[in-house]
Amino acid sequence: MANLKEIRNRISSVSSTMQITSAMKMVSAAKLKKAQDAITAMRPYADKLTELLQNLSATLDADSGSKFAEQREVKNVLVVAITSNRGLCGAFNSNIIKQTNLLINDVYAQKNVSVIAVGKKANDAFEKLGCVIENKSEVFDDLTFDNVAVIAEMLMEKFVEGEFDKIEIVYNKFKNAATQIVMTEQFLPIVPIEGEGNANLDYIFEPSKEEIVEELIPKSLKTQLYKGIRDSFASEHGARMTAMHKATDNATELRDQLKLTYNKARQAAITNEILEIVGGAEALNN
């Protein structure tokens, strides 16, 4: 009977877990729809603005070149690692941490690498290494363009002042609920589009090239960072929804197996009781 009680307790525990994972799946599905709509609507604008920025940078001569396009010898590198504040979303966070570690230990092994963590999971992972200089996890509490723009302005300031020679962004690009693509994008310096087609582009600047550069490039960089964080935000809910769906399926399968085991054990116990009763009756008859 103790064995039956233990199995009943496990069935109850698994059923409770299944209810929790199922509820989390539904919550993530609801949040995913809103986040997906936001990044889907924003991506064409952000991509076109980035393309325009790169084409514009390709037309700038050395004298009128932007301070954000300055190519320097890379000694100090800043990596912006974008994760989530919470777990239970499969390999979503671990993929970003793995890619950031690859940059630190392999790609920029001979450089001085620092990390700005956007998300508690990134901060927890890299704070132990002593390379986190800023923790911007609070941006997810109110994810707006203005709040992200503050971070982008800080990055631009650090680059212009020469504190860092190169800034990379690592984030999950949203493809669909089941697929997130780990992206590593160079934030600064701006990389002009290469190719003969762009060399012949003829722009008419109004009011002037300098004013266009001064206004457009910071706005484009802010939009690029905002798109990356928005992509990551949608990817997080997609990854969590998928993970909770799998967890619910696994819990259902485990519960069914436990119920089968319980029924078999219960049948065996009933059979033993019947045999004991029959044995006792036979003993009285004799």
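Predicted model: local features only at pLDDT ≥ 70, side-chain atom pairs only at ≥ 80, totals over all residues.
**Strand pairing.** I began with the strands and noted that S1 (residues 76–82) pairs with S2 in the parallel sense over 7 bridges.

Within it, Val 115 is bridged to Val 132 in S3.

**Crossovers.** I followed the chain from S1 through helix H2 (residues 92–107) to S2 and recorded a right-handed β-α-β unit. A right-handed β-α-β unit is likewise made by S2, H3 and S3.

**Cover of S2.** I checked the accessibility of S2 (residues 112–118) and found the strand mostly covered, with 6 of its 7 residues buried.

**Gly 130.** I located Gly 130 in the loop between helix H3 (120–127) and strand S3 (132–135). I classed Gly 130 as exposed because its relative accessible area is 64%, and the cut-off for that class is over 50%. I also took the C-alpha separation of Gly 130 and Asn 112, which is 12 Å for two residues 18 apart along the chain.

**Helix H4.** I examined H4 (residues 145–160) last. Its 16 residues reach 22 Å from the first C-alpha to the last, close to the expected 22 Å. I listed the buried residues of H4, among them Val 148, Ile 151, Leu 155 and Phe 159; Lys 158 is also buried. After H4 I noted Gly 162, with a positive phi near 85 degrees.

Technical notes:
Residues numbered from 1 in each chain as written. Heavy atoms only, no water. Helix = DSSP H or I, 4+ residues; strand = E, 2+ residues; numbered from the N terminus. Buried < 20%, exposed > 50% of the residue type's maximum accessible area, 1.4 Å probe, protein only. Expected span 1.5 Å × (residues − 1). Pairing = 2+ DSSP bridges. Right-handed = clockwise from strand over helix to strand, strands pointing away.
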